[in-house]
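Please read them with the structure open beside you.

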Amino acid sequence: MSTIKSMLHEARVFPPLPEFVEQANLASMEAYQALCAEAKKDYPGFWSKLAQKHILWHKPFTSVLNDSDPPFYKWFEDGELNISYNCLDRHLTSQPDKLAIIFEADDGKVSRCTYRELYQRVCQFANGLKALNIRKGDRIIIYLPMRIEAIIAMQACARIGVIHSVVFAGFSAKSLHERIVDAGAVAVITADEQTRGGKHYPLKATVDEALSMNGTDSVKSVIVYQHTGMDTPWQAGRDIGWHELTQNKQTDCEPEWINAEHPLFTLYTSGSTGKPKGVQHSSAGYLLGVMVSMQWVFDYKPTDIFWCTADVGWITGHSYVTYGPLAMGATQVVFEGVPTYPDAGRFWKIIQDHKVTTFYTAPTAIRSLIKLGVDLPGQYDLSSLRLLGSVGEPINPEAWMWYYNVVGQSRCPIVDTWWQTETGCHMIAPVPGAVPLKPGSCTFPLPGISAAVIDEAGHEVEQGKGGFLVIKQPFPSQIRTLWRDPERFKKTYFPQDIGEGHFYLAGDSAHRDNDGYFWIMGRIDDVLNVSGHRLGTMEIESALVANPLVAEAAVVGKPHEIKGEVIVAFIVLKEKCPHGEQASKIANSLREWVVHEIGPIAKPEEIRFGDNLPKTRSGKIMRRLLRTLARGEEITQDTSTLENPAILDQLKQPIL
Ligand code: ATP
Ligand code: MG
């Protein structure tokens with residue numbers, strides 16, 4: 001492969017501020033580098049020490065890494081533990097009355113739950129599952145709103161060794177059906193309805209529809225949490241209320257001691273680049289990853305009020321809502337609603353009301369909140385914040401600057417965390433007390449994570465040139481396989497034609513700058529090829545977003561006889577979507593803007609405006625659909641994870 005060309009230069013640097021460094025878990029570049037060096041010197045020894053320090057083992061492990069059958073790696077394989085024990089029981093003597101969860105409902109109602117209460121509710125629910133004859137190794141589908149009950153359901157599964165597969169509650173009956181069948185689930189846990197942004201959405205009815213389709217005979221029980229209390233059809237013998245299931249159950253439940261490699265869960269990827277993949281995670285290695293990243297990246301302190309806005313339907317919600325914060329004994333905010341209801345100040349109000357110290361969200365939320373109210377955060381007291389985080393997509397430098405200055409008041413480091421469903425926890429992210437930040441860069445790999453940028457032959461590319469982002473050594477929290485599809489697992493992540501199948505291939509392109517910082521350039525699938533130059537999407541999009549008129553941008557390639565490909569840009573303006581003359585005028589000015597910011601090679605041939613971009617339900621831009629639109633073709637691909645299908649019609653129309 002010819003390498004990918006990097007064009008955008010971002011020169012701003014933000015060294016850690018002294019007030020932050022003073023209290024940081026890792027408080028200098030030397031401390032960070034010492035850990036990296038330790039990992040390099042004795043790789044298994046490094047992870048073994050961490051696993052002993054952070055995890056409570058029922059039976060200690062003697063084997064650290066078994067790499068005899070690559071890429072099917074095993075970590076701590078003869079150890080035994082229980083994940084729920086590690087998240088709940090461990091806090092019962094030291095801090096039973098500490099708040100585990102501050103829950104804010106869609107309608108603003110707040111409820112609180114201590115570690116003891118959470119433990120009791122999880123145990124009762126786990127006992128309820130056992131009463132239904134559900135056992136270790138069984139699979140359960142969780143299709144619940146973003147409420148405490150979702151966390152209880154996941155933790156209860158972990159407590160008895162049941163493998164959960166959470167399906168985001170916005171998914172259709174068809175997608176839900178596919179996941180039920182794929183899992184061979186014995187039960188589905190759902191609610192009557194969910195409420196988001198003041199609207200009601202049926203869940204139980206969707207489950208009924210999914211279960212009316214073929215291949216769902218494995219499902220013996222449907223557990224229904226009565227959330228709004230609406231009337232739902234009931235199938236006697238199969239359906240059981242949450243309350244019924246848990247009443248009179250013991251508030252203790254002996255944890256099932258499981259092997260370190262026992263699957264904790266399976267979860268589907270977002271489907272940005274194709275049909276979602278069913279990622280299977282382990283127990284111990286996964287837990288270790290989320291715990292060390294809480295410590296290193298979120299600089300976790302017992303006094304924190306932690307808030308990750310992700311739904312538990314995504315990996316971010318698994319790692320940094322259900323497992324990471326609880327394992328650390330944190331107090332966290334869980335929010336049922338949406339950032340724009342009742343108005344676009346909702347996030348900022350929650351931070352103010354609950355005195356949030358650590359706030360973790362996605363670039364898509366940041367960009368849409370900029371669009372809806374650049375100065376809104378200023379109307380709230382955000383002085384409790386000490387750390388901000390970003391995940392899900394590259395954060396454009398201008399969005400980063402706004403987040404830093406307006407939300408963080410130039411006081412809070414931003415951890416731009418690069419990772420994936422498959423990696424389980426952060427991989428490349430700043431250790432905030434040590435690493436100077438650059439807007440738009442996820443900076444450096446965490447200690448023990450051997451990230452690199454390579455060409456097809458497996459050699460590291462020169463600085464400044466883009467290539468494949470890989471992780472060279474197996475790491476504890478990595479994907480174990482694709483559920484029931486080991487062949488696709490091998491082909492997707494360890495393909496023979498790149499570096500001879502030795503490295504974990506992330507599917508993203510990246511480059512490193514002169515200081516060694518990592519910059520994610522986009523998806524390999526989305527790389528453009530203009531007049532022989534291979535260009536990533538991120539830099540051109542960031543240049544567009546840096547224009548004061550632009551809220552969001554996505555670029556794709558369209559075949560061209562002479563140039564190979566030309567660039568088509570899809571743009572959402574901060575103001576209303578323009579039409580006719582005005583649209584042409586703005587389009588021209590934006591094309592010139594890109595020439596000025598990056599160079600003539602990146603000039604979009606065509607620009608289209610819309611009120612939004614097609615996004616996955618986890619908020620990521622689906623460029624593969626835009627590529628089809630740019631070619632003027634009909635969309636025939638998997639769109640099961642598309643959040644807003646209506647937007648495709650609007651974006652079909654070229655304006656120039
Ligand atoms: P699919 O694999 O089905 O196409 P997906 O890759 O969007 O979906 P996820 O696992 O949810 O599914 O997302 C991981 C991807 O998100 C990464 O590979 C990367 O492209 C992007 N990403 C996540 N965090 C960051 C970040 N901080 N900077 C840049 N990109 C990021
Ligand atoms: Mg992916």
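The numbered points below go from the overall division to local backbone details.

1. This is a predicted model, in which local features need pLDDT of at least 70 and side-chain atom pairs count only at pLDDT 80 or more, while totals for chains, interfaces and linings use all residues. Residues are numbered from 1 along each chain as its sequence is written, and side-chain values use heavy atoms, with hydrogens and water left out.

2. The protein chain is divided into domain 1 (4-509) and domain 2 (531-651), with bounds that come from an automatic or database domain assignment. Their C-alpha centres lie 30 Å apart, and the contact (heavy atoms within 4.5 Å) takes 30 residues from domain 1 and 35 residues from domain 2.

3. Helix α3 (residues 43-54) packs against helix α10 (residues 284-296) at an angle of about 85°, with the axes 10 Å apart; helices here are DSSP runs of H or I with at least four residues, and strands are runs of E with at least two. That makes α3 roughly perpendicular to α10, a term covering angles of 65 to 115 degrees. Phe 46, Trp 47, Leu 50, Ala 51 and His 54 of α3 meet Leu 288, Met 291, Val 292, Gln 295 and Trp 296 of α10.

4. The largest nonpolar core has 147 residues, of which Trp 47, Phe 76, Leu 118, Phe 125, Ile 140 and Trp 296 touch the most other members. Such a core is a set of buried Ala, Val, Leu, Ile, Met, Phe, Trp, Tyr and Cys residues joined through side-chain atoms within 4.5 Å, where buried means under 20% relative accessible area, exposed over 50% and partly exposed in between, with a 1.4 Å probe and protein chains only. Apart from this core lies another of 33 residues, among them Val 356 and Cys 412.

5. Seven of the ten residues of helix α13 (residues 363-372) are buried, so this helix is largely enclosed by the rest of the structure. What covers its buried residues includes α12, β19 (358-361), β20 (387-390), α14 (397-407) and β29 (550-560).

6. Some backbone details deserve a look. Cis peptide bonds join Pro 70 to Pro 71, with omega about 0°, and Tyr 341 to Pro 342, with omega near 0°. Asn 133 is not a glycine, yet has a positive phi of about 75°, and this residue is exposed, with a relative accessible area of 56%. Asn 248, likewise not a glycine, has a positive phi of about 65° and counts as exposed at 77% relative accessibility.

Conventions:
Chains lettered and ligands numbered in written order. Axes fitted to C-alpha atoms, helices over the stretch in contact; angles between N-to-C directions. Parallel < 35°, antiparallel > 145°, perpendicular 65-115°, else oblique.
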